[in-house]
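Here is my note on the model you sent. Keep the structure open as you read, and follow the points in order.

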Amino acid sequence: MAMQERIREDAAGAILFDAAVWPQVENDWFEPEVWREQGALRQQAGGRGGVAIIESPAGDCVLRHYRRGGMVAKLMGDRYLWPGADHTRSFMEFRLLGRIAELGLPSALPVACRYQRQGLFYTADLITRRIANADTLAECLATGRLDGEMAELVGALVARFHRAGIWHADLNAHNVLVASDELYLIDFDRGRLREPAESWQQANLQRLRRSLVKLGAAAKGEAAFEETLWKPLVYRYERTLRA
């Protein structure tokens with residue numbers, strides 16, 4: 001189903017949503033406490049993301065509040081400098097996810113997003129459809145399920161996005177979801193469309209490699225990791241990229 005982009009503006013900011021998913025989205029959709037009061041907040045994770053699983057009228061969704069990371073978070077928290085509506089983090093990720101869906105690539109489908117402006121700053125939220133019965137690649141690694149066959153599937157997944165010119169700003173093992181039927185790439189905050197080029201594609205791959213190593217994929221030695229996981233991943237990546 002083609003996306004039907006709609007924008008609803010008010011004094012505080014604006015909501016961008018897909019009317020093909022649900023005909024009208026209100027500010028209440030972005031408030032976890034509202035869902036909690038309705039008994040529709042199934043899970044809320046702490047940390048930087050501020051992620052909540054909600055039972056919305058459009059089905060199970062993930063509600064994410066944008067928060068800064070690193071040292072700047074102590075100063076800015078969840079606030080960002082105002083860049084204009086079309087360049088807010090939420091509007092840009094929503095539209096990139098829409099493009100990813102148009103290309104038939106596996107990611108979370110966008111439902112709605114918003115920004116709320118406060119003078120020179122703004123805050124932002126994003127709602128996407130929840131991908132059911134999926135574990136992160138990091139969880140698969142931790143439970144011993146990441147093997148050469150799964151590594152090949154990850155390589156093919158990343159290559160499909162790279163071939164389409166889609167750059168992931170934070171390609172790590174937490175942003176690859178493994179479901180029974182397919183693998184998904186999620187969290188495209190700051191991601192963008194780029195002209196395919198080996199330089200950024202390889203840098204993206206190396207970011208994923210560092211993530212896997214940091215999470216313990218090379219615990220049995222660098223050589224074992226290279227042979228059993230990384231070589232299969234790169235082999236399938238290169239084959240898919242050139243297919």
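1. Start with one term. A contact means heavy atoms within 4.5 Å. Now take the contacts between residues at least 6 apart in sequence: in this protein, 60% of them join residues at least 24 apart. Bear in mind that this is a predicted model.

2. Next, the overall build. The protein has seven helices and 13 strands. Along the principal axes, the C-alpha atoms fill a box of roughly 60 × 40 × 35 Å.

3. Then the surface and the interior. Of the 243 residues, 46% are buried. The accessible surface comes to about 12400 Å². Carbon and sulfur atoms hold 49% of that surface.

4. Charges come next. There are 32 positive and 32 negative side chains. The centres of the two sets lie 5 Å apart.

5. Now look at strand β8, residues 121-129. How many of its nine residues are buried? Seven are, so the strand is mostly covered by the cut-off used here, under 20% relative accessible area.

6. Which strands pair with β8? β7 (residues 110-118) does, antiparallel, over eight bridges. In that pairing, Gln116 has Thr123 of β8 as its bridge partner. β7 and β8 form a hairpin with two residues between the strands. Gly119 in this hairpin takes a positive phi near 65°.

7. β5 (residues 59-65) also runs antiparallel to β8, and five bridges join them. Here Cys61 stands opposite Arg129 of β8. β6 (residues 80-81) pairs with β8 too, in the antiparallel sense, over two bridges. Leu81 has Phe121 as its bridge partner in β8.

8. Last, check some backbone angles. Most residues other than glycine have a negative phi. Asp187 has a positive one, near 60°. Arg190 also has a positive phi, near 70°.

9. Where do these two residues sit? Asp187 is in the loop between β12 (183-185) and β13 (192-193). Arg190 lies in the loop between β12 and β13 as well. Find both on the model before you move on.

Conventions:
Residues are numbered from 1 along each chain as its sequence is written. This is a predicted model: local features need pLDDT of at least 70, side-chain atom pairs count only at pLDDT 80 or more; totals for chains, interfaces and linings use all residues. Side-chain values use heavy atoms; hydrogens and water are left out. Helices (H or I, at least four residues) and strands (E, at least two) are DSSP runs, numbered from the N terminus. Buried means under 20% relative accessible area, exposed over 50%, partly exposed in between (1.4 Å probe, protein chains only). Accessible areas come from the Shrake-Rupley method with a 1.4 Å probe; for residues, only the protein chains shown count as cover. Lys and Arg count as positive and Asp and Glu as negative; His and the chain ends are not counted. The place of a charge is taken as NZ of Lys, CZ of Arg, CG of Asp or CD of Glu. Two strands pair if DSSP finds at least two bridges between them.
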